[in-house]
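Dear colleague,

I am passing on the structure below, together with notes on its ligand site and its charged side chains. Please read them with the model open beside you.

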Amino acid sequence: MSNATILVTGAAGGTQGQTGRHVSEMLLAKGVPVRAFVRKIDARAEHLRSLGAELVEGDFLDYHSVERALQGVSTIYFAYPVQAGLLDATAIMADAARKAGVTRLIDMVMLVSSPDAPTPRMRQNYLSERIFEWAGVGAAHVRATVFFENVRALTSATIARDGSILLPWGSDSTVVPLVSAEDVARVAVGALTSPEVAPGSSHPVIGDVVTLRDIVTTFERVLGRKVRYQEIPDEAWANAALARGLNQHAVEHLSKLWQSIRTQPRTFGVTDTILELGGRKPKTFEEFVREQQAAFKAQPAAKSA
Ligand SMILES: NC(=O)c1ccc[n+]([C@@H]2O[C@H](COP(=O)([O-])OP(=O)(O)OC[C@H]3O[C@@H](n4cnc5c(N)ncnc54)[C@H](OP(=O)(O)O)[C@@H]3O)[C@@H](O)[C@H]2O)c1
């Protein structure tokens, strides 16, 4: 394994899967030097520095900050969050990486990436992959399904409140392929460091395949309480998500994803990539819920001073 520095974007970790933070920590634990690309030097960045990372402040949409971050780097982990601006960020990174002589770029995209994919974000992901390939920077693509962390964000508040799950996911036999963001990061680390990853290759990542009924019974078994799924209309879900602060781009992507999941059932299977590139058996949804039990329980009211 080369000991050249790897630039990790999204390294602080945000509100989705925090894959950049996991990737940084896993690389540092292997002794691989990391340059952590962060929006600002805050406590999350300082934590990475304490583990040995070099910090660089920048913005995906600010060309010169990306150019500076790439100085002396030949390998990049690129994960642009589910928010507007992916194609601008891709074009900036592709151009700067080509100029810097980058030879490997691992991008984090979604499971379905094609011009005919069901959501606008997935179609952008396809174009983003192609732009990186044209740039000749050794691009390979980690294509991940919906993160367990996303299910936690969608259900934890209502389960904690009254044991309900309010989603437009159709009947309880709807099949949902899922994965732990940590396993996705593990696959990305394998792709960043393995000599066997070919430019242009794509690596699908599914860690568990469950029905909505399985999700409900898993919550009941682990949390020891009654949990009830209630199907709600797409519009009600979108309005509630916007009111909770989810950005418009993510709401449009997820609304189309839910429609596709419930109306165009496909057969999914757990992929070998987590074991082969990540070196571990995939985490199951049940293991994730057991680790995260506290998130699904009502928090005791803070005592007043
Ligand atoms: N969520 C899912 O279920 C799912 C499923 C499949 C694939 N994916 C893919 O996973 C990726 C999401 O990555 P993630 O889970 O690691 O995201 P995340 O946890 O939300 O982290 C996003 C990071 O990007 C940083 N960031 C945001 N805007 C930035 C900007 N303009 N310039 C510089 N940094 C910026 C954030 O910094 P601050 O926190 O400081 O803003 C944060 O550190 C996406 O590519 C998505 O397509 C997600």
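Is Glu129 buried or exposed, and what is its relative accessibility? Glu129 counts as buried at 2% relative accessibility, where buried means under 20% relative accessible area, exposed means over 50%, and partly exposed lies in between, with a 1.4 Å probe and protein chains only.

Before going further, please keep in mind that this is a predicted model, in which local features need pLDDT of at least 70 and side-chain atom pairs count only at pLDDT 80 or more, while totals for chains, interfaces and linings use all residues. Residues are numbered from 1 along each chain as its sequence is written, and side-chain values use heavy atoms, with hydrogens and water left out.

Glu129 also takes part in a salt bridge with Arg143, at 2.8 Å from N to O, a salt bridge being a side-chain nitrogen of Lys or Arg within 4 Å of a carboxyl oxygen of Asp or Glu. This pair links distant parts of the chain, since Glu129 belongs to helix α5 (residues 120–134) and Arg143 to strand β6 (residues 139–144), 14 residues apart; helices (H or I, at least four residues) and strands (E, at least two) are DSSP runs, numbered from the N terminus. Arg143 is likewise buried, with a relative accessible area of 19%.

By the same rule the count comes to 18 salt bridges. In one of them, the side chains of Arg35 and Glu54 meet at 3.0 Å, N to O. Arg35 lies in strand β2 (residues 34–38) and Glu54 in strand β3 (residues 54–57), so this pair ties together parts that are 19 residues apart in sequence. Arg35 is buried, at a relative accessible area of 11%, whereas Glu54 is partly exposed, at 37%.

A further salt bridge joins Lys283 to Glu182, with the closest N and O atoms 3.3 Å apart. Here the partners are 101 residues apart, Lys283 being in the loop between α11 (273–276) and α12 (285–291) and Glu182 in helix α7 (residues 181–193). Lys283 counts as buried at 13% relative accessibility, while Glu182 is partly exposed at 25%. Both residues belong to a network of salt bridges that also links Asp183, Arg186 and Glu291.

Asp208, in strand β11 (residues 208–211), is buried yet has no salt bridge, the nearest side chain of opposite charge being that of Arg221, 8.8 Å away (Lys and Arg count as positive and Asp and Glu as negative, with His and the chain ends not counted). A polar atom of the Asp208 side chain does, however, lie 2.8 Å from the backbone nitrogen of Phe285.

Turning to the ligand, there are 29 residues around it, of which Gly17, Gln18, Thr19, Arg39 and Arg44 come nearest; a residue belongs here if one of its heavy atoms lies within 4 Å of the ligand. Oxygen atoms of the ligand are found 2.9 Å from a polar backbone atom of Phe147, 3.0 Å from one of Tyr80, and 3.4 Å from a backbone N or O atom of Thr15. The protein covers 92% of the 940 Å² of accessible area that the ligand has on its own, as given by the Shrake-Rupley method with a 1.4 Å probe. Strand β5 supplies the largest share of the shell, three residues.

With best regards

Key:
Polar contact = N/O pair within 3.5 Å; in protein donor to acceptor, adjacent residues only side chain to side chain.
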